[in-house]
Structures are given as C-alpha cells and as structure tokens.
Amino acid sequence: MDSNFKWFVPYFGCVSVYEFANLFNLLMINHTDSWCANIMELIDFILFTYLMTSLAKRASYKKKVYLFAGIVILFSFIDMFFVQGMWKLNTIAMVLQALFILTLIYNYYHDLLKEATEGLVLLKHPPFLVVTGLLFYFLSKSLFYSCYSYMVYKNNYHFYMLAATIPGLSNLLLNSILIYAFLCFSKTKKLSL
C-alpha cells in the first residue's frame with residue numbers, strides 16, 4: 001500500500017472505537033455527544049486534507065492548501081467555542097470543511113485528467129477510487145449539514161428519517177469504495193512482484 005494511505009488503518013480503528021462508544025451512549029455529556037462529533041469531524045478534515053495534498057505534486061500548491069486548511073481549522077475552533085458552541089453540532093464549520101475538501105477533489109481530478117496516460121484504468125487506480133469515495137461522502141455531507149440546523153430545530157419528521165439514513169449511506173458508500181481501492185492496492189502489489 002502506498003505510504004499516503006497507511007494512516008487509514010489507525011484511522012479506521014479510531015472511527016470504530018468512536019462509533020462503538022456512540023452506539024452505547026458512552027460519549028454523552030450534557031445530554032449530547034455533539035462535542036465528540038465536532039472533534040471527529042475536525043480529525044476527518046485534517047486527515048483527508050493531508051491525503052488530498054499528498055496526492056498533489058506541486059510544492060507551491062501544497063503550501064497554499066496547508067495555509068487555507070489552517071484558516072479553516074482556526075475558523076472551526078472559533079465556531080466550536082464562540083459561535084455555535086461545544087454542545088451543538090458545528091454545522092457551519094462542517095459545511096466549510098466539506099466545501100474545502102470538495103475543492104481539493106476537483107483539483108485532483110483536474111490534475112489527473114491533464115496527466116493521465118492512455119494505459120491508466122481508472123476503475124483499478126486506487127487513488128482515483130479513494131478520491132471518488134471521498135467525493136460522494138463530502139457531497140452528501142455538505143448537502144446534509146447545509147440544512148441540518150434549520151430542519152432539526154423545526155422538528156421536521158421527514159428530516160429525522162433523512163438524518164438517520166443519509167450519513168449511514170454515505171459512510172457505507174465511502175467504506176465500500178475504500179475496501180475496493182485497498183483490494184486494488186493488493187492486486188497491483190502482487191502483479192509487480
């Protein structure tokens with residue numbers, strides 16, 4: 001597996017522990033687990049920004065991405081502590097983070113199409129598969145959290161059904177594509193031996 005993707009293993013361990021603790025309400029403080037969700041979303045943002053930046057080849061581009069990512073992280077902390085608060089889901093920061101990652105995904109696709117060779121099979125190219133999984137994940141996340149605060153506080157019953165379905169489906173799609181991408185990593189490694 002490429003070194004840019006090796007951090008996925010401890011990340012999935014961390015996510016599994018988080019989801020297991022969440023399942024049994026072990027993270028509830030002040031009748032909410034939003035504080036932990038805010039921290040996990042920030043960790044997701046940092047790791048996926050690192051991944052998308054590691055796929056780029058231009059050093060000047062990487063510096064700009066890290067600079068803007070730092071600004072987004074700073075804004076996320078401001079949102080967490082001063083705007084929406086620690087005990088509510090920081091949807092403003094989450095939408096901003098998702099839009100930032102979507103911009104990085106667009107830049108990856110643009111660079112890939114400029115530099116693609118004729119022999120490149122995209123459906124077996126692990127970085128393309130991982131980025132495609134992230135595209136679906138962050139598109140659904142940005143659309144979901146864009147209307148989350150408004151719909152939750154209106155007590156819209158239909159949104160509660162969507163709130164139970166959309167994050168689960170986007171996670172399922174992301175994890176399925178990631179599993180396939182990691183299988184492609186192992187196939188390419190066996191072929192190169």
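The following exercises, each with a worked solution, concern the predicted model shown above.

Residues are numbered from 1 along each chain as its sequence is written, and side-chain values use heavy atoms, with hydrogens and water left out. In this predicted model, local features need pLDDT of at least 70 and side-chain atom pairs count only at pLDDT 80 or more, whereas totals for chains, interfaces and linings use all residues.

**Exercise 1. The overall fold**

Determine how many helices and strands the chain has, and how its radius of gyration relates to the globule rule.

Solution. 
- Step 1. Helices (H or I, at least four residues) and strands (E, at least two) are DSSP runs, numbered from the N terminus. The chain has 7 helices and 0 strands. Read from the N terminus, the order of elements is α-α-α-α-α-α-α.
- Step 2. The radius of gyration is taken over C-alpha atoms, and the globule rule is 2.2 Å times the number of residues to the power 0.38. For 193 residues the rule gives 16 Å; the chain has 18 Å, which is close to that value, so the chain is as compact as a globular protein of that length.
- Step 3. The C-alpha trace spans about 55 × 35 × 30 Å along its principal axes.
- Step 4. Contact means heavy atoms within 4.5 Å. Of the contacts in the chain with a separation of 6 or more, 71% are accounted for by residues 24 or more positions apart.

**Exercise 2. Burial and surface**

State what percentage of the residues counts as buried, and describe the accessible surface and the charges of the chain.

Solution. 
- Step 1. Buried means under 20% relative accessible area, exposed over 50%, and partly exposed in between (1.4 Å probe, protein chains only).
- Step 2. Accessible areas come from the Shrake-Rupley method with a 1.4 Å probe; for residues, only the protein chains shown count as cover. The accessible surface of the chain is about 11500 Å², and 70% of that surface belongs to carbon and sulfur atoms.
- Step 3. Lys and Arg count as positive and Asp and Glu as negative, while His and the chain ends are not counted. The place of a charge is NZ of Lys, CZ of Arg, CG of Asp or CD of Glu. The chain has 14 positive and 9 negative charges, and their mean positions lie 6 Å apart.

**Exercise 3. The nonpolar cores**

Identify the residues with the most contacts inside the largest nonpolar core and the helix that gives the most to this core.

Solution. 
- Step 1. A nonpolar core is a set of buried Ala, Val, Leu, Ile, Met, Phe, Trp, Tyr and Cys residues joined through side-chain atoms within 4.5 Å. The largest such core comprises 37 residues, and Phe8, Phe48 and Leu134 have the most contacts inside it.
- Step 2. Two or more residues of this core come from each of helix H1 (8-23), helix H2 (34-54), helix H3 (59-83), helix H4 (91-115), helix H5 (126-146) and helix H7 (157-192). The greatest contribution to this core, 9 residues, is that of H4.
- Step 3. When residues up to four places away in sequence are not counted, Phe8 touches Phe48, Leu51, Val130, Leu178 and Phe182.
- Step 4. Another core, of 14 residues, lies apart from the largest one; Ala21, Leu27, Val95 and Tyr145 are among its residues.

**Exercise 4. Positive phi angles**

Locate Asn30 and His31, and state their phi angles and exposure.

Solution. 
- Step 1. Asn30 sits in the loop between H1 and H2, and His31 lies in the loop between H1 and H2 as well.
- Step 2. Asn30 is not a glycine, yet has a positive phi of about 55°. His31, likewise not a glycine, has a positive phi of about 65°.
- Step 3. Asn30 counts as exposed at 52% relative accessibility, and His31 counts as exposed at 80%.
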